[in-house]
Amino acid sequence: MSKPSIPFARELRQRRLDAGLTLTELAQRVHYSKGQLSKVERGIKAPSRDLARLCDAALEAGGALVALLPDPSTDARTEEPDGFDEEVWLMQLSTDGGSWFKPVPRRQVVSAGAASLMSLGAGGSEALSALGGAQVLEVSRSLFDHYRRLGQTVGPEFLLPGLIAQTHTLRETSTHADPRTRQQLLALGSRYAEYVGWLAQESGNERAALWWTQRAVDLAAAGGDRHLAGYALVRRALVTLYREDAKETIALARQAQDSTLPPRIRGLAAQREAQGHAIAGDRDACLRTLDIARELLARHTPDSDTPVIGTMHLPDPVGMITGWCLYDLGRPRESAETLDQQLAQVPPHALRTQVRYGVRRALAHAAAGDIEQACDLTAQLLGGAVAVSSATISADLRGLAHTLGRHPRNPSVRALAPQLGTSLRLITP
């Protein structure tokens, strides 16, 4: 945000005076310097979203201050490349360590998928047509679990080519299978495609993320499952959430809470809606929607034949998202306490999950003024952050670096700065 906000400055000053607080007292509550706060209040400096949320919470403005910030630019269009029937996208690595999606002939992709299946014991040395549909299905289920476990410890670029190949292998195999096996192959293929979409977002490619999420919907519908279209809305809402677009996030999440959808999809949608309310500064709506999410997720009955939608590594997903939301509500102390408790329950092997919420935990401690604790937590996370190479995690890590940067004389901050800077350069797309 480059332009100062005069309406925000006026509202901030009026609410501070109404609360009987001096500029120094408010600065102490939000852990910003008096000088920075003074510039914002006088309309000289634009407020960051973090500062706006902290002030909103400290002055009990109920989202009124956050509402005065300009709406973020949104563009969630999903444009398919021409000739999808003839081409697919594969992850390619560039010479400078970056990545992009590149069209590759389908035959080449399907051959890669068949080869990976045979290397895992699917049998035979013939082409894909020699592999039975039931055999492909059995091995692909096991392989999917393997990919998801591996996804907790390595970056997207290591997984995407194989996952995309397997998705198209399942799709191609389904054309030669009996009706029941065909449905199962397409259903599993839709889960592969959804996971590809999520990893594409982790790699920093929003367009590819949305494109592959739509492929997941198409595969599921072809197999007789139209429920995944609801979860696609939840995935799209994650994109708008990271764009700080509260209105669009809430709107998409509400669409995914249709009563005809399964409880798990509706519960995950309610969680996403709560996150939208949090970045809008609406605490009551956020906590109320989290209660709805908890009730819906408790009603979920696992299906052993189909991989679970959403995360598998959060013992208490609503509890963890509550901690996430409290930070966005400008309540970092409560957020840090909640995330401290929740992260103690996450299994050690779930590295990506540990890092994702661990960075948010460190960010909460930093915003609450616990600088030494924040630095200590961050130092423990940086190796994992580089390993999983997540664009979404790096967004919080950049925010953490900015927050710690407000304390340049702190010895812990100065000691951490070189390692933090190097890590950000390595993982930022």
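Analyst: The questions below set the values of this structure against the definitions of the terms. This is a predicted model, in which local features need pLDDT of at least 70 and side-chain atom pairs count only at pLDDT 80 or more, while totals for chains, interfaces and linings use all residues. Residues are numbered from 1 along each chain as its sequence is written, and side-chain values use heavy atoms, with hydrogens and water left out.

User: How many helices and strands does the protein have, and what makes a stretch count as one or the other?

Analyst: The protein has 19 helices and two strands. Both are DSSP runs, numbered from the N terminus: helices are H or I with at least four residues, and strands are E with at least two.

User: Why is His365 called buried?

Analyst: Buried means under 20% relative accessible area, exposed over 50%, and partly exposed in between, with a 1.4 Å probe and protein chains only. His365 has 6% relative accessibility, and therefore counts as buried. This residue lies in helix α16 (residues 351–367). Apart from neighbours within four places in sequence, His365 is in contact (heavy atoms within 4.5 Å) with Ala336, Asp340, Asp370, Gln373, Ala374 and Leu377. In the protein, buried residues make up 52% of the 429 residues.

User: Why are α8 and α10 called roughly parallel?

Analyst: The axes of helix α8 (residues 179–202) and helix α10 (residues 228–242) come within 12 Å and cross at roughly 5°. Axes are lines fitted to C-alpha atoms, for helices over the stretch in contact, and angles run from 0 to 180 degrees between N-to-C directions. Angles under 35 degrees count as roughly parallel, over 145 as roughly antiparallel, 65 to 115 as roughly perpendicular and the rest as oblique. The two helices α8 and α10 are therefore roughly parallel to each other. Among the residues making this contact are Arg191 and Trp198 of α8, and Tyr231 and Leu238 of α10.

User: How do you know that the length of α9 agrees with that of a helix?

Analyst: The expected span of a helix is 1.5 Å times one less than its number of residues. Helix α9 (residues 206–222) has 17 residues and should span 24 Å; its end C-alpha atoms are 25 Å apart, so the two agree. Buried residues of α9 include Trp211, Trp212 and Leu219.

User: What caps the N-terminal end of α9?

Analyst: Asn205 does, with a side-chain oxygen 3.4 Å from the backbone nitrogen of Arg207. Just after α9, Gly224 takes a positive phi of about 90°.

User: Is Asn410 buried or exposed, and where is Asn410 found?

Analyst: Asn410 has 15% relative accessibility and so counts as buried. This residue is found in the loop between α18 (391–404) and α19 (411–427). The side chain of Asn410 reaches the backbone nitrogen of Ser412 at 2.8 Å. Not counting residues up to four places away in sequence, Asn410 touches Ile371 and Glu372.

User: What makes Leu424 buried, and which residues does Leu424 touch?

Analyst: The relative accessible area of Leu424 is 14%, so this residue is buried. Leu424 has its place in helix α19. Leaving out residues up to four places away in sequence, Leu424 touches Ser394, Leu397, Arg398 and Ala401. Leu424 and Ala401 are 23 residues apart in sequence, and 9.0 Å apart in space from C-alpha to C-alpha.

Note on methods. Polar contact = N/O pair within 3.5 Å; in protein donor to acceptor, adjacent residues only side chain to side chain.
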